[in-house]
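Colleague: I'd like to learn how to read helix packing and ring pairs in a model. Could you walk me through one?

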Amino acid sequence: MVEEGNIEASNKAVEEDNGPKVLYYCFWGPIYWFRMLAMETHWSFVFAVVSTYGISQGLGGALARVGTEYYMKDVQKVQPSESQVYTGITSIPWIVKPIWGLLTDVIPIRGYRRRPYFILSGLLGLVSMLVISLHGKLHLVFALMALTAGSAGVAIADVTVDACVAQNSNKNPSLAADMQSLCSLMSAIGALIGFSISGVFVHLIGPKGVFGLLTIPAALVFSVGIVLLEPHDANFAYKEVSEKFLDAGKAMWRTLKCPEVWRPCLYMYLSFALSLNINEGLFYWYTDSKEGPLFSQETIGYIFSFGAVGALLGAILYQNILKDHPFRDLLFWIQLFYGLAGMLDLILVLRINLKFGIPDSVFVVIGEAVTQMIGRLKWMPLLVLSAKLCPSGIEGTFFALLMSIDNFGLLSSSWGGGLLLHTLNVTRTKFGNLWLAILIRNIFRLSPLGVLFLIPRGDPNSSILPTEMLGGEDETVAEESNNIELVSLVNSVDGR
């Protein structure tokens with residue numbers, strides 16, 4: 001008994017002694033981590049990641065989403081179906097991301113492969129956001145052109161910083177996981193902060209003022225192109241550019257013809273395209289409908305911030321619990337729950353939640369968090385599957401192509417949702433058929449279950465491609481020396 005008491009006392013003393021150490025590590029640990037990355041790579045690389053992922057894509061992307069929705073509704077005064085289509089148009093630069101990546105890898109400008117593209121990206125963002133924010137009454141066509149140019153600037157910066165991450169991962173293999181964690185962490189924190197403050201800024205300075213604020217992220221990206229440490233290549237053979245483009249195209253076409261590749265690609269496109277996007281119709285109902293909750297700008301921003309938290313929880317849940325489950329089984333249950341989660345919108349629009357005493361704000365926050373969490377759970381295994389479909393030598397280029405297929409599916413989903421809203425006559429003032437649009441969308445969300453046979457049964461730890469397409473180590477090294485491949489775009493989720 002005496003010995004047990006002494007042991008308990010000593011353990012308690014150790015725990016008390018470790019308390020300040022834990023607090024010390026929680027505060028100073030991230031700072032030391034940032035310093036370590038800056039010393040091992042270069043401070044300009046860390047600055048590029050923070051500026052691009054954290055401020056431009058994370059915080060800026062959140063501000064842009066809320067600002068664009070209010071800009072289309074209150075300034076351009078378009079119908080929900082039209083806004084849905086226009087949102088798809090502005091995402092087109094993300095569909096052609098392989099082109100941006102090939103340009104940064106294949107065509108240096110004045111001897112630099114990355115810095116000029118950061119400068120170009122920043123200029124596109126600066127000019128486009130200034131045009132929208134300063135013009136008194138910009139025509140819709142020119143507004144769409146400016147928004148698309150701004151989106152192109154963010155997409156170019158995204159691909160370019162991914163190339164920097166890949167280069168530094170090759171130079172410092174032991175830090176590869178830390179670099180990916182830095183990218184994901186910055187994007188998540190930026191989005192959470194951006195959505196939290198977006199509604200407040202829209203209320204205080206209006207959507208055009210928010211676009212004016214977005215010149216700050218663009219200016220930071222521009223400054224990355226000035227300070228980034230990058231070797232200068234003065235003897236680049238520009239005559240070989242067309243040959244490298246042709247070789248990359250042939251390699252991708254050979255890969256796409258393989259059944260082990262095109263079947264999952266077809267599923268990925270259908271799974272996104274058939275999940276019709278009618279978010280603009282719901283947004284108009286949230287804010288304009290007399291029968292709806294009439295949320296303020298601040299409340300809309302807070303709702304989206306809880307969605308960002310749900311997406312982060314989904315990524316954590318997949319990483320720690322679900323990552324080793326077979327693709328087909330996991331996607332079956334996720335797609336099923338994705339369709340069922342859409343019923344939360346139906347309950348809200350039919351006002352059933354009020355009958356049970358659940359306030360609209362609470363119910364919408366729960367629905368947004370659950371939907372975004374399931375959406376991220378759906379996205380993560382598809383990213384892993386996409387990485388396994390990439391043959392040796394053109395991994396980055398082909399992965400970018402697969403991400404473009406996914407983005408094209410999202411574009412089809414947005415335009416299909418706009419067509420559905422138009423067909424059911426859901427307008428700025430008429431929301432009588434919105435419940436039917438939600439029901440149809442939920443049914444379409446379940447339809448990809450019928451083509452799950454396109455997904456291989458293998459688990460994430462096994463190879464999918466035929467042995468002859470995997471290649472050997474020597475072949476991979478030889479291809480990498482040609483410098484024609486893109487980098488992995490795993491962190492580009494987003495998108496969007």
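Colleague: What should I know about the source before I start?

Modeller: This is a predicted model, so local features need pLDDT of at least 70, side-chain atom pairs count only at pLDDT 80 or more, and totals for chains, interfaces and linings use all residues. Residues are numbered from 1 along each chain as its sequence is written, and side-chain values use heavy atoms, with hydrogens and water left out.

Colleague: How many helices and strands does the chain have?

Modeller: Helices (H or I, at least four residues) and strands (E, at least two) are DSSP runs, numbered from the N terminus. Here the chain has 21 helices and zero strands.

Colleague: And what share of the residues is buried?

Modeller: Buried means under 20% relative accessible area, exposed over 50%, and partly exposed in between, with a 1.4 Å probe and protein chains only. Of the 496 residues in the chain, 49% are buried. As for contacts, meaning heavy atoms within 4.5 Å, residues 24 or more positions apart account for 86% of those with a separation of 6 or more.

Colleague: Now helix pairs. At what angle do H14 and H17 pack?

Modeller: Axes are lines fitted to C-alpha atoms, for helices over the stretch in contact, and angles run from 0 to 180 degrees between N-to-C directions. Under 35 degrees counts as roughly parallel, over 145 as roughly antiparallel, 65 to 115 as roughly perpendicular, and the rest as oblique. Helix H14 (residues 327-341) and H17 have axes 9 Å apart at an angle of about 155 degrees. That makes H14 roughly antiparallel to H17.

Colleague: Which hand does the crossing of H14 and H17 have?

Modeller: A crossing is left-handed if the near helix is turned anticlockwise from the far one by less than a right angle, and right-handed if clockwise. The crossing of H14 and H17 is left-handed. On the H14 side the contact includes Phe 327, Leu 330 and Tyr 338, and on the H17 side Thr 371, Ile 374 and Leu 385 are among the partners. The residues of this contact divide into 14 nonpolar, three polar and two charged. For those classes, Ala, Val, Leu, Ile, Met, Phe, Trp, Tyr, Cys and Pro count as nonpolar, Asp, Glu, Lys and Arg as charged, and the others, Gly among them, as polar.

Colleague: What does H11 do against H17?

Modeller: The axes of H11 (residues 259-273) and H17 (residues 360-388) come within 11 Å and cross at roughly 160 degrees. H11 and H17 are therefore roughly antiparallel, and H11 passes H17 in a left-handed crossing. Pro 264, Tyr 267, Met 268, Ser 271 and Phe 272 of H11 meet Lys 378, Trp 379, Leu 382, Leu 385 and Ser 386 of H17. That contact has seven nonpolar, two polar and one charged residue.

Colleague: And how are H2 and H13 oriented to each other?

Modeller: Helix H13 (residues 297-322) packs with H2 at about 140 degrees, with the axes 11 Å apart. H2 and H13 are therefore oblique to each other, and H2 passes H13 in a right-handed crossing. Arg 65, Val 66, Glu 69 and Tyr 70 of H2 make the contact with Gln 297, Ile 300 and Phe 304 of H13. Those residues split into four nonpolar, one polar and two charged.

Colleague: How many aromatic pairs are there?

Modeller: A pair of aromatic rings is described by the distance of the centres and the angle of the planes. Rings of Phe, Tyr and Trp (its six-membered ring) pair if their centres lie within 6.5 Å; planes under 30 degrees apart count as stacked, over 60 as edge-to-face and the rest as tilted. A search of the whole structure finds 11 aromatic pairs. Trp 33 and Phe 34 have ring centres 5.6 Å apart and planes at 75 degrees, so the pair is edge-to-face. Trp 33 is buried at 18% relative accessible area, while Phe 34 is partly exposed at 26%. Tyr 269 and Phe 408 are stacked, with 5.6 Å centre to centre and 20 degrees between the planes. Tyr 269 sits in H11 and Phe 408 in H18 (residues 395-423), 139 residues apart.

Colleague: Last one: is Gln 76 buried or exposed?

Modeller: Gln 76 is buried, with a relative accessible area of 13%, in the loop between H2 (43-75) and H3 (80-90). Gln 76 and Leu 140 are 64 residues apart in sequence but 6.7 Å apart in space, C-alpha to C-alpha. Not counting residues up to four places away in sequence, Thr 371 touches Tyr 338, Ala 341 and Arg 445.
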